[in-house]
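Good morning, colleagues. I would ask you to look at the sequence and the structure together while I take you through several of its features.

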Amino acid sequence: MLLAVLGAVVTGCGPTTYNILPHGQKQPPTGAGWQPVPPTSLDLPLKHPITSDAAVPTGDTPILVNIWASTCVPCKTELPLLQKINAGGQLKVIGFSRDIHTSDAAEAIEKAGVTYPNWLDTDASIAVALDGRIPINAVPTSALIRDGKVVAVHIGAFTSRQDVLDALEVK
């Protein structure tokens, strides 16, 4: 039990909210749905693929970047939902696990039946690159990339298919 609690603390399971973003915007509350953010480019940390066939989707389809951890119950709960969304083709999903060990993340995605690409992001490179648009240790957290730029974020777990697909309505 102590190890499970320690694992959750280390990986940041459960969103952490901050009052003010560096850009003067208020941090969207957990569960507030998709929130538009000032568009920004994002260099994805692709050095540590969890599966050998990991590749970033190309084309005009928006990309949902999901940040998760194998020690986070809400993260593992939403993995099958994200797999269905990815298979539907309206959004392409890619995942970044905050796990330290590839084997932990690989076991979680295998158990969930996930086939979309996943990489490790052990040092929170995505959160750092987004410069306050998402809390540094919040998992699950997602970002929407449209036309090569992050345009919206979703802090907290998705509760339904529609919750995920609401990303398509963000302008």
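Predicted model: local features only at pLDDT ≥ 70, side-chain atom pairs only at ≥ 80, totals over all residues.

Let me begin with a convention: helices are DSSP runs of H or I of at least four residues, numbered from the N terminus. With that in place, the residue that follows helix 3 is Gly113, and its phi is positive, near 75°.

First, the overall arrangement. The protein chain contains five helices and six strands. Read from the N terminus, its elements follow the order α-β-β-α-β-α-β-α-β-β-α. The chain has 171 residues, of which 46% count as buried. Among contacts in the protein chain with a separation of 6 or more, 74% are between residues 24 or more positions apart.

I return now to helix 3, residues 102–112. Which of its residues are buried? They are Ala105, Ala108, Ile109 and Ala112. These four cover an arc of only 90° around the axis, and therefore sit on the same side of helix 3. As for what covers the buried residues of helix 3, the list includes strand 2 (63–68), helix 2 (73–88), strand 3 and strand 4.

Arg98 is buried yet has no salt bridge. Where is the nearest side chain of opposite charge? It belongs to Asp121, 4.9 Å away, and a salt bridge would require a distance within 4 Å. A polar atom of the Arg98 side chain does, however, lie 3.1 Å from the backbone oxygen of Ile136. Setting aside neighbours within four places in sequence, Arg98 is in contact with Ile67, Trp68, Ala69, Asp121, Thr122, Asp123, Ala124, Ile136, Asn137 and Val139.

Next, the aromatic rings. How many aromatic pairs are there? The count comes to two. One of them, Trp34 with Phe158, is tilted, with 5.8 Å centre to centre and 35° between the planes. This pair links distant parts of the chain, 124 residues apart: Trp34 is in the loop between helix 1 (2–11) and strand 1 (35–40), and Phe158 is in the loop between strand 6 (149–155) and helix 5 (161–165). Trp34 counts as buried at 9% relative accessibility, and Phe158 likewise counts as buried at 7%.

The other pair is formed by Phe96 and Trp119; their ring centres are 5.2 Å apart and their planes are at 20°, so this pair is stacked. Because Phe96 lies in strand 3 and Trp119 in strand 4 (residues 118–120), the pair ties together parts that are 23 residues apart in sequence. Phe96 is buried, with a relative accessible area of 0%, and Trp119 is buried at 2%.

Ser142 is buried, its relative accessible area being 1%.

I close with the backbone. Val139, already named as a contact of Arg98, is joined to Pro140 by a cis peptide bond, with omega about -5°. Pro140 is placed in the loop between helix 4 (125–129) and strand 5. That loop also holds Asp131, whose phi is near 45°, a positive value in a residue other than glycine. Asp147 has a positive phi as well, about 55°, although it is not a glycine. Asp147 is in the loop between strand 5 and strand 6. Are these two aspartates buried or exposed? Asp131 counts as partly exposed, at 38% relative accessibility, whereas Asp147 is exposed, with a relative accessible area of 74%.

Thank you for your attention.

How values were computed:
Residues numbered from 1 in each chain as written. Heavy atoms only, no water. Helix = DSSP H or I, 4+ residues; strand = E, 2+ residues; numbered from the N terminus. Buried < 20%, exposed > 50% of the residue type's maximum accessible area, 1.4 Å probe, protein only. Lys, Arg positive; Asp, Glu negative; His and termini not counted. Polar contact = N/O pair within 3.5 Å; in protein donor to acceptor, adjacent residues only side chain to side chain. Contact = heavy atoms within 4.5 Å. Phe/Tyr/Trp six-rings, centres within 6.5 Å; stacked < 30°, edge-to-face > 60°. Arc of directions from axis to C-beta.
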